[in-house]
Amino acid sequence: TGDAILYAIGEENVEAVEIIIEHLEKIDKFNPETQGVENTQHSAFPPDITPIILAAHKDNYECIKLFLDKKGAVPHPHDVHCSCQECETIREEDSLRLSRSRINAYRALASPSLICLSAKDPILYAFELSWELRRLSYIENEFRSEYQVTTRGTPTTEQLARLKLAIKLRQKRFVAHPNCQQLLSGIWYEGLPGFRNRNIVYKCLLIAAVGLSFPILSISYLIAPKSAIAQFTRKPFVKFLSHSASYIVFLALLIMASQRIDRVDNMFREENAPARKEGRGPAPTP
């Protein structure tokens, strides 16, 4: 039958798929568009399902690569608001068919194997596709659950270079992935090897030492920005401790100034000098 290759892909029988493709090429019935499929009224597959789309639904790496080598491709669906003649014709005939065709295409495009084999930048493509599917889930409310399932199927490869883009596009799974978190932790504690595995006493002493020495670290950084001490000050965790210590000192000075602590003020005054309250001048006249 005309859809024998689809049945072979459905069973994920790669050898059978290769044999059918060879036979179709011999009889000159294989082309990149239809890929040897002849849909009829009695076909078990909808007319928009091509072999590469079905292989992508199955996420079968071997079959997808086989059809890509034969110049097969999954066409990107038209925009949901597209008003071209083709979309208008299908929408008038059967709007449900148009929506189902769009969902089938996006399910194929979201295949991790297809993205890895066809996309120049798999991570960027996966993020953009996920964002587009999320947008479509709000436009076509009737198929929101299917779009959300398709969104969860998009791959999330771990690369720090895409972290900002992942945050911008709300890729929570990517940011929260253990590999990504481990890489971020390594960068955060750079310059302090084994800090997380140390005991609590060592951590407290190191934090206190860095916090108390932040004036020296800051001055060294200003005087010799390329020195070893300056490079140590550049480390994210050391910089965080220095900023925290300086902010704590600032708050302490601010509290002391606002409360006007007389004890601290009198420590720097002479013994016979009048207190701050006594030196404020005469009382106001009635």
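In which loop is glutamate 12 found? In this predicted model, glutamate 12 is placed in the loop between α1 and α2, and its phi is near 55°, a positive value in a residue other than glycine. Most residues other than glycine have a negative phi. With a relative accessibility of 41%, glutamate 12 counts as partly exposed, because that class covers values between 20% and 50%.

The chain as a whole is built with 17 helices and zero strands, and 31% of its 286 residues count as buried. Among the contacts in the chain with a separation of 6 or more, 58% are accounted for by residues 24 or more positions apart.

The loop between α2 (14-26) and α3 contains glutamate 33, which is exposed, with a relative accessible area of 70%. Glutamate 33 and threonine 50 stand 17 residues apart in sequence, and the distance between their C-alpha atoms is 8.3 Å.

Helix α3 (residues 51-58) is largely enclosed by the rest of the structure, because six of its eight residues are buried. The buried residues of α3 are Pro51, Ile52, Ile53, Leu54, Ala55 and Ala56, and what covers them includes α1 (4-10), α4 (61-69), α6 and α7 (112-118). Just after α3 comes aspartate 59, which takes a positive phi of about 55° although it is not a glycine. Aspartate 59 has its place in the loop between α3 and α4, where it is partly exposed, with a relative accessible area of 33%.

The largest pocket has a volume of about 680 Å³. A total of 25 residues line this pocket, and those that lie nearest its centre are Asp48, Pro75, Glu86, Ile90 and Ser101. The elements that give two or more residues to the lining are α5 (85-93) and α6 (95-109), and the largest share, six residues, comes from α6. When the lining of the largest pocket is divided by residue type, twelve residues are nonpolar, eight are polar and five are charged.

Two packed helices are described by the angle between their axes and the distance between the axes. Helix α13 (residues 200-212) packs with helix α16 (residues 236-259) at an angle of about 65°, and their axes are 8 Å apart. The crossing in which α13 passes α16 is right-handed. On the side of α13, the residues that take part are Ile207, Val210 and Gly211, and these meet Val238, Leu241, Ser242 and Ala245 in α16. The residues of this contact divide into five nonpolar and two polar, with no charged residue.

Val238 of α16 is also in contact with threonine 233. Threonine 233 lies in helix α15 (residues 228-233), and, when its neighbours within four places in sequence are left aside, it is in contact with Leu217, Val238 and Lys239. At a relative accessibility of 11%, threonine 233 counts as buried, because the value falls under the 20% limit for that class.

How values were computed
Residues are numbered from 1 along each chain as its sequence is written. This is a predicted model: local features need pLDDT of at least 70, side-chain atom pairs count only at pLDDT 80 or more; totals for chains, interfaces and linings use all residues. Side-chain values use heavy atoms; hydrogens and water are left out. Helices (H or I, at least four residues) and strands (E, at least two) are DSSP runs, numbered from the N terminus. Buried means under 20% relative accessible area, exposed over 50%, partly exposed in between (1.4 Å probe, protein chains only). Contact means heavy atoms within 4.5 Å. On a 1 Å grid over the protein atoms alone, a cavity is a set of points where a 1.4 Å probe fits but cannot get out, and a pocket is an open set with protein on both sides within 12 Å along at least five of seven lines; lining residues have an atom within 4 Å of a point. Grid points are joined across faces, edges and corners, and a volume is the space filled by probe spheres set on the points. Ala, Val, Leu, Ile, Met, Phe, Trp, Tyr, Cys and Pro count as nonpolar, Asp, Glu, Lys and Arg as charged, and the others, Gly among them, as polar. Axes are lines fitted to C-alpha atoms, for helices over the stretch in contact, and angles run from 0 to 180 degrees between N-to-C directions. A crossing is left-handed if the near helix is turned anticlockwise from the far one by less than a right angle, and right-handed if clockwise.
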